[in-house]
Amino acid sequence: MWFGKYFKNQSVQKQIKNLSETERARILMESPFEVGCFQGTGYDVFLKSEPDFEKAYIRGLGQVTGEVAENWIIEQYILTQNKNDD
């Protein structure tokens, strides 16, 4: 059970690592999420389609690098695509 999640997570991380810059940019553009960096709180994830800043908030990622924040969005995108393929 836990090892299934572990291997799935490892597979997704490997997919992310092997993406080219063009593929990363395409996924980030297609994703319904975007990241914003705020001094003191770090990166937060928002819905692109929601104009109200308060309602658009999805999740705080904290004090991480921009690449880690983008990887979180890409991971969610890949997991969603894999779920739709099943």
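Leaving aside neighbours within four places in sequence, which residues is asparagine 71 in contact with? They are Ile16 and Arg24. The model is predicted.

**Asparagine 71**

Asparagine 71 belongs to helix α4, which covers residues 66-85. Is asparagine 71 buried or exposed? Its relative accessible area is 19%. Buried means under 20%, so asparagine 71 counts as buried.

The contact with arginine 24 includes a link between side chains. A polar contact of 2.7 Å joins asparagine 71 to arginine 24 there.

Three strands make up an open sheet. Their order is β1-β2-β3, and the pairing is antiparallel. Which strands stand at the edges? β1 and β3 do. Each has a single partner strand, so one side of each lacks a neighbour in the sheet. From one strand to the next, the twist averages 25°.

The strands span these residues:

| Strand | Residues |
|---|---|
| β1 | residues 33-38 |
| β2 | residues 42-47 |
| β3 | residues 57-62 |

How many bridges join β1 to β2? Six do, and the two strands run antiparallel. Within this pairing, phenylalanine 38 stands opposite glycine 42 of β2.

Notes. Residues are numbered from 1 along each chain as its sequence is written. This is a predicted model: local features need pLDDT of at least 70, side-chain atom pairs count only at pLDDT 80 or more; totals for chains, interfaces and linings use all residues. Side-chain values use heavy atoms; hydrogens and water are left out. Two strands pair if DSSP finds at least two bridges between them. Helices (H or I, at least four residues) and strands (E, at least two) are DSSP runs, numbered from the N terminus. Axes are lines fitted to C-alpha atoms, for helices over the stretch in contact, and angles run from 0 to 180 degrees between N-to-C directions. Buried means under 20% relative accessible area, exposed over 50%, partly exposed in between (1.4 Å probe, protein chains only). Contact means heavy atoms within 4.5 Å. A polar contact is a pair of N or O atoms within 3.5 Å; within protein, one must be able to donate a hydrogen and the other to accept it, and residues adjacent in sequence count only if both atoms are side-chain atoms.
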